[in-house]
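Please read them alongside the coordinates.

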Amino acid sequence: MFIIFENYTKKKKSVDKKTCVKQLKTCSKFSQFVQHVFQTTHPNEKTDDIIDNMFECIECTKPEHKNLRAFYQPKEKKITFCLQRLQEEDICTMMRHELVHYFDHFQGYTFGSAEELACSEIKAAKIGECKDEVFRKKCTRLVAQNNIKDRYPIRYKWIVNKVFKKCYSFFD
Ligand SMILES: [Zn+2]
């Protein structure tokens, strides 16, 4: 099992399961990117059904998910949201972020190389966390570097910089 993980920073009141699912459905209505992904990967399915099948909002209790807020599992093609570490206002951002990984996987990424993982994190940061940021490019670079830091503690900056230009042009 391979996991794309996001760093977790401690915050206030966490979201409940019902609100999480509801918020996913709301986010998908207002995001061009989410609609594009769903129309490409599930052309004949209703958005609400896709969400019910592809996403889960749970209390993440497994030790390997200790610091995760949300993650995509390529093997199951599922996106998991860890309720205890998320607030309602995080859901849309994390949804877009994880859907980039899902979409990359759909289009043939295996996340097997450092460059491929870095590229996916660059796209995910741009569409997710950095979507509305004034310094979007800078934000994207920093978030992507941070998200591969644990896996590539020495090379993380170098890897992101190497593929940045190519991967940043995604979904303009
Ligand atoms: Zn990611």
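1. The chain divides into domain 1 (17-90) and domain 2 (114-167), with bounds that come from an automatic or database domain assignment. The centres of domain 1 and domain 2, taken over C-alpha atoms, are 21 Å apart. Residues are numbered from 1 along each chain as its sequence is written. The model is predicted: local features need pLDDT of at least 70, side-chain atom pairs count only at pLDDT 80 or more, and totals for chains, interfaces and linings use all residues.

2. Helix H1 (residues 17-30) packs against helix H4 (residues 91-106) at an angle of about 65°, and their axes are 9 Å apart. H1 is therefore roughly perpendicular to H4, a term for angles of 65 to 115 degrees. Helices (H or I, at least four residues) and strands (E, at least two) are DSSP runs, numbered from the N terminus. Axes are lines fitted to C-alpha atoms, for helices over the stretch in contact, and angles run from 0 to 180 degrees between N-to-C directions.

3. H1 passes H4 in a right-handed crossing, that is, with the near helix turned clockwise from the far one by less than a right angle. H1 contributes Cys-20, Gln-23, Leu-24 and Cys-27 to the contact, and H4 contributes Ile-91, Cys-92 and Met-95; contact requires C-beta atoms, placed from the backbone, to lie within 7 Å. These residues of the H1 contact with H4 comprise 6 nonpolar, 1 polar and no charged. Ala, Val, Leu, Ile, Met, Phe, Trp, Tyr, Cys and Pro count as nonpolar, Asp, Glu, Lys and Arg as charged, and the others, Gly among them, as polar.

4. Helix H2 (residues 32-41) also packs with H4, at an angle of about 30° and with axes 10 Å apart. H2 and H4 are therefore roughly parallel to each other, the term for angles under 35 degrees. Their crossing is left-handed. Phe-33, Val-34, Val-37 and Thr-41 of H2 meet Met-95, Arg-96, Leu-99, Phe-103 and Phe-106 of H4. The residues of this contact divide into 7 nonpolar, 1 polar and 1 charged.

5. An open sheet of 3 strands, with mixed pairing, has the order S1-S3-S2; strands pair if DSSP finds at least two bridges between them. Strand S1 (55-58) and strand S2 (70-73) are the edge strands, each pairing on one side only. The twist from one strand to the next averages 20°.

6. S2 pairs with strand S3 (residues 78-82) in the antiparallel sense over 4 bridges. Gln-73 stands opposite Lys-78 in S3. H4 packs on the sheet and touches S2 and S3, its direction making about 20° with that of S2.

Key:
Parallel < 35°, antiparallel > 145°, perpendicular 65-115°, else oblique. Contact = placed C-beta atoms within 7 Å.
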